[in-house]
Amino acid sequence: MTVDAGTAAPIVAASGRGLMALLFLFSAATKLRHWSDGLAEVRAIGLPMPALALTATVALQFVGGLMLAVGWHARWAAAALAGFTLLASVMVHPFWRVGTAPGAAVRQQRMTFAEHLAIVGGLLMVVAHG
């Protein structure tokens, strides 16, 4: 049995959106389950009104993740999640500030930052192609 690329494309696109959405849905659920840890992280970043910032983060991740998963206004959801992920990566994983000596902390921050850029790339594909 052969599968036509045109026929498979919607299934592949929906699968990709769903897999990306899982990341945000799991993150939102983790922040809800471990609220005090999330508040500590937001405070460490130095954001004002940490409870509000964490609430907004969870809401964006949850609602955006659901929208992405089901394909409802997926381009808007992907754009919002891409912007959030890029901003959060710069704020939370600044490998360029960890130190100049190559060490485990620098490598970990650099790898996490690169992984987040890859996620942003996938989200931008959704923005471009739906």
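First, a word you'll need all the way: helices (H or I, at least four residues) and strands (E, at least two) are DSSP runs, numbered from the N terminus. This is a predicted model, so local features need pLDDT of at least 70 and side-chain atom pairs count only at pLDDT 80 or more, while totals for chains, interfaces and linings use all residues. Residues are numbered from 1 along each chain as its sequence is written, and side-chain values use heavy atoms, with hydrogens and water left out.

**Stop 1: the whole chain**

Show the protein chain as a cartoon. You'll find six helices and zero strands, so reading from the N terminus gives α-α-α-α-α-α. Along the principal axes, the C-alpha atoms fill a box of roughly 55 × 35 × 25 Å.

Of the 130 residues, 28% count as buried. Buried means under 20% relative accessible area, exposed means over 50%, and partly exposed is in between (1.4 Å probe, protein chains only).

**Stop 2: the largest pocket**

Rolling a probe the size of a water molecule over the atoms shows where empty space is left. On a 1 Å grid over the protein atoms alone, a pocket is an open set of points with protein on both sides within 12 Å along at least five of seven lines, where a 1.4 Å probe fits; lining residues have an atom within 4 Å of a point. The largest pocket holds about 740 Å³ of space. Select K31, T57, Q61, F84 and A88: of the 29 lining residues, these are the closest to the pocket's centre.

Next, colour by helix. Two or more lining residues come from each of α1 (5-33), α2 (35-45), α3 (50-70), α4 (74-92) and α6 (104-129). Which element gives the most to the lining? That's α4, with seven residues.

By class, the lining has 16 nonpolar, 10 polar and three charged residues. Here Ala, Val, Leu, Ile, Met, Phe, Trp, Tyr, Cys and Pro count as nonpolar, Asp, Glu, Lys and Arg as charged, and the others, Gly among them, as polar.

**Stop 3**

Zoom in on T57, in helix α3. Is T57 buried or exposed? T57 counts as buried because its relative accessible area is 16%. A polar atom of the T57 side chain lies 2.9 Å from the backbone oxygen of A53. Beyond its neighbours within four places in sequence, T57 is in contact (heavy atoms within 4.5 Å) with K31 and F84.

Then select S27, in helix α1. S27 is buried too, because its relative accessible area is 19%. Its side chain makes a polar contact of 3.1 Å with the side chain of Q61. A polar contact is a pair of N or O atoms within 3.5 Å; within protein, one must be able to donate a hydrogen and the other to accept it, and residues adjacent in sequence count only if both atoms are side-chain atoms.

**Stop 4: two loop residues**

Select M49, in the loop between α2 and α3. M49 has a positive phi of about 45 degrees although it is not a glycine, and with a relative accessible area of 58% it is exposed.

Finish at H73, in the loop between α3 and α4. H73 is not a glycine, yet its phi is positive, at about 50 degrees. H73 is partly exposed, with a relative accessible area of 44%.

Technical notes
Points joined across faces, edges and corners; volume = space filled by probe spheres on them.
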